[in-house]
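Please look over the structure below. A short report follows it.

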Number of protein chains: 2
Amino acid sequence: MYVILVYDIGEKRVGKMLRLCRKYLNWIQNSVFEGEISEVRLKELILKAEKIMKKEEDDSLIVFSSPTNKFLDKQIIGKERSSIDVFL
Amino acid sequence: MYVILVYDIGEKRVGKMLRLCRKYLNWIQNSVFEGEISEVRLKELILKAEKIMKKEEDDSLIVFSSPTNKFLDKQIIGKERSSIDVFL
């Protein structure tokens, strides 16, 4: 399946969340990821993300998923995420 | 068409961008919006957003669009954006 994932979490947990999500998906913006992923791997990612998140501090994660990206168009205005960010 | 919009922009311009996007779409997370919008209105929104953005300061905007949200599933983990944020 094709997935778009966005998170909004406390600064302290951002680095950990970023590293986790990059193992499963492509990083396209500050807190936005996309990519092809199996249902099983997505469940695994969400479980691991929930362990990082602090819901009492209003952390949130949204996952849009679709069986295909055939009907999905993407338009990027401004800076594209590039490899200069690998230090994170 | 159905749209998911995410931005990553400098703090100084966040309020302006938020107010703009809320006129066209539903706010679902810090910098994430979604909703039904016509192609003409989407173009208008992007044009206005570009006037707010400073590309030299790495501002970025990503718009995913689809003719329908029939194939799109949404899962929210953690806090959902609510009306307590109307003061912004």
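The report covers the basis of the model, the fold and the interface.

## Basis

This is a predicted model, in which local features need pLDDT of at least 70, side-chain atom pairs count only at pLDDT 80 or more, and totals for chains, interfaces and linings use all residues. Residues are numbered from 1 along each chain as its sequence is written, chains are lettered from A in the order in which they are written, and side-chain values use heavy atoms, without hydrogens and water.

## Fold of chain A

Chain A has two helices and five strands. Their order along the sequence is β-α-β-β-α-β-β. Helices (H or I, at least four residues) and strands (E, at least two) are DSSP runs, numbered from the N terminus.

The C-alpha trace spans about 35 × 30 × 20 Å along its principal axes. Of the 88 residues of chain A, 45% count as buried. Buried means under 20% relative accessible area (1.4 Å probe, protein chains only). In chain A, 68% of the contacts with a separation of 6 or more join residues 24 or more positions apart. Contact means heavy atoms within 4.5 Å.

## Interface with chain B

Contacts link 34 residues of chain B with 34 residues of chain A. The area buried between the two chains is about 3,000 Å². Carbon and sulfur atoms give 62% of that area. On the chain B side, B:Q29, B:F64 and B:I77 lose the most area to chain A. Together they make up 24% of what that side buries. Buried area is the accessible area (1.4 Å probe) that two parts lose on being put together, summed over both.

Notes. Buried means under 20% relative accessible area, exposed over 50%, partly exposed in between (1.4 Å probe, protein chains only).
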